[in-house]
Amino acid sequence: MNAVPSSIESVLVENRVFPPPPQAVQGARIGSMAAYQQLVDEARADPDAFWARLARENLAWTKPFSKTLDESKAPFFEWFADGELNASANCLDRHMGTPVEHKTAIVFESDDGKVTRLTYRELLTRVARFANALKAQGIQKGDRVVLYMPMGIEGVVAMQACARLGATHSVVFGGFSAKALQERIVDVGAVAVITANFQMRGGKELPLKAIVDEALAMGGCEAVKTVLVYERTASAWPRVEGRDKTFAEALQGVSDDCPPVPVGAEHPLFILYTSGSTGKPKGVQHATGGYLLWAKLTMDWTFDLRPEDVFWCTADIGWITGHSYVAYGPLAAGATQLVFEGVPTFPDAGRFWKMIQDHKVSIFYTAPTAIRSLIKAAEADGKVHPDRYDLTSLRLLGSVGEPINPEAWMWFHRHIGGERCPIVDTFWQTETGGHVITPLPGATPLVPGSCTLPLPGIDAAIVDETGNEMPNGAGGMLVIRRPWPSMIRTIWNDPERFKKSYFPPELGGSVYLAGDGAVRSADRGYFRITGRIDDVLNVSGHRMGTMEIESALVSKTDLVAEAAVVGRPDDMTGEAICAFVVLKRARPTGDEAKAIAKELRDWVAREIGPIAKPRDIRFGENLPKTRSGKIMRRLLRSIAKGEAITQDTSTLENPQILAQLGEAY
């Protein structure tokens, strides 16, 4: 574990405080700090009784549970383990016979602006038919199915259909490369892949099925017997006879009725891969009962969901945010939600504001990267400024994926929220399943740039490397000291890595290490996240392992001898990827360096995906190393930021290389 600064009071110079507005307090589920504290106290006094009550009140069980938490195999905690339920039934069937049955579940706006609406009854029919189509292909409880889909109704239907059968889905973001897709198919042991011929983004057709074919041809994917293809566009696509079926073919003649398969609460609902600090991505495994409980609860608590709301989370289903706050949470809560296929800048940078205006969105949940890019666009072109649109339907704003800097928070508050909408700045991770530290719109006084306080039942703290709690105002490592229902269960096929990554022995072996540095304000005890403590970068809210990118660069064996990757702060993306590269030839300069840098960026995009392309590539004759051969990444981080090297360099074998690498800046 890398140390974090012990005193970072300077990052807390933020005196602006915004109390909850009266309209947010009135009728709120948690309408005061006293009400919040009452729930915190209930959870602290008897955690088992607290979570059992919430699980019984918020989920429909086919077999009730008798034990809430089993800690006997810690840190492999189990929740509600002898209970049975079905996630799809909790999102759809439970609404039948209630007013929600005929309520709009999804409003889908495609890249070209076409709008499709589905009620909960219609969505259930779609899911049941697709589940029967999967069943006809031999897919059953316990099988793993990989999804490589565009945003849209079909992706949500496919996820829900897998859950209906008790099949475990693993969604891979449609921007990942064939190699990244193949690695995930192999690791999870998928028996089927669900994809589309193309996806539409910004008016362009981007291939998906061709990338699936490339991935499956790489080897190790022999278990995949079925590829189902949604024909998103009319364009031709490569077909493998005997293996590939279109959605239309698979759905022909299937029944509208598919009883949901009950599964144990600990049954894996999904496996979602996230970057690690070693080269291999981690398959984060989530359990059905605990995950679904928290997805539903956080919809109610964080967003204070009301029956008339139109909820819009802009995340792709390829990320955890799209799982919890598109595919599961809103449906479990009976919400009407907007689902969007395209990009925020097509046909112009006013797209988000026009959609909020047209669909009367009341809750808008997006990433700081999107906010920052739209600030830039609005200031460059007044025609797409949010002030030109009617955003009065909004009552709540949310931020997700990375800390939001205070000035972006203020712009969001002023120009999107009209200075009347609370902003829930949510901190959480793929591994936590849902929000863990966040303001509550009807209760929490807001401070720009702070995620404020943990949700009830989340025992968060800031500690040093030996587990001692740090005083307010002093930085340290963020931990959660007690288990909670939606936490990661394990890393798929790698329990030792799970223990080492999240429950290190230095902290006692049963305390969850978030991997982020944090600090609590001296006045309110509010949390502020200060960045990763390991070698994982947060680029536009997406976690990228430095080792993954380094491995991709070095795999260009004809060119690259060695590479080291670090991050530097970036106003637009949160962090920018910086690569220091040693070639198998003389160090290039000028136009040759630019050409090789472009070649390497394109190579990384092919190996991992465009999101992993380094912003900066700098060439050196060597990398700064200790005499034992360890690359001194802390020095590279200073160089990447353009800082003078003030650290001790006496252990370096080649201190002169620092000047060479610094020249490029």
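Begin by selecting Arg568, Asp570, Arg615, Asp616 and Arg618, which in this predicted model are linked to one another in a network of salt bridges.

Select lysine 209 and aspartate 244 next, whose side chains meet in a salt bridge with 2.7 Å from N to O. This pair links distant parts of the chain, since lysine 209 belongs to helix α8 (residues 209-216) and aspartate 244 to strand β12 (residues 244-246), 35 residues apart. Both lysine 209 and aspartate 244 are buried.

Move on to helix α10 (residues 288-301), where lysine 296 and aspartate 300 are four residues apart and therefore separated by about one helical turn. Their side chains meet in a salt bridge, at 2.6 Å from N to O, and lysine 296 is buried, as is aspartate 300.

For a pair in other surroundings, select glutamate 78 and lysine 73, which form a salt bridge whose closest N and O atoms are 3.4 Å apart. Glutamate 78 is partly exposed, with a relative accessible area of 23%, and lysine 73 is likewise partly exposed, with a relative accessible area of 45%.

Now turn to aspartate 316, in the loop between β16 (310-313) and α11 (320-332). If you leave aside the neighbours within four places in sequence, aspartate 316 is in contact with Met151, Phe173 and Gly322.

From here, look for the largest nonpolar core, which has 150 residues, and select Trp51, Phe130, Trp301 and Tyr328, the residues with the most contacts inside it. Centre the view on phenylalanine 130 and, again leaving aside neighbours within four places in sequence, show the residues it is in contact with: Val157, Ala158, Ala161, Ile194, Leu228, Phe247 and Leu251. Apart from this core lies another, of 33 residues, and you can find it by selecting some of its members, among them Trp353, Ile404, Cys421 and Ile423.

Finally, zoom out and colour the protein by its two parts, domain 1 (22-491) and domain 2 (540-660). The centres of domain 1 and domain 2, taken over C-alpha atoms, are separated by 33 Å. To see where the domains meet, look for the 23 residues of domain 1 that are in contact with 19 residues of domain 2.

Conventions:
Residues are numbered from 1 along each chain as its sequence is written. This is a predicted model: local features need pLDDT of at least 70, side-chain atom pairs count only at pLDDT 80 or more; totals for chains, interfaces and linings use all residues. Side-chain values use heavy atoms; hydrogens and water are left out. A nonpolar core is a set of buried Ala, Val, Leu, Ile, Met, Phe, Trp, Tyr and Cys residues joined through side-chain atoms within 4.5 Å. Buried means under 20% relative accessible area, exposed over 50%, partly exposed in between (1.4 Å probe, protein chains only). Contact means heavy atoms within 4.5 Å. Helices (H or I, at least four residues) and strands (E, at least two) are DSSP runs, numbered from the N terminus. Domain bounds come from an automatic or database domain assignment. A salt bridge is a side-chain nitrogen of Lys or Arg within 4 Å of a carboxyl oxygen of Asp or Glu.
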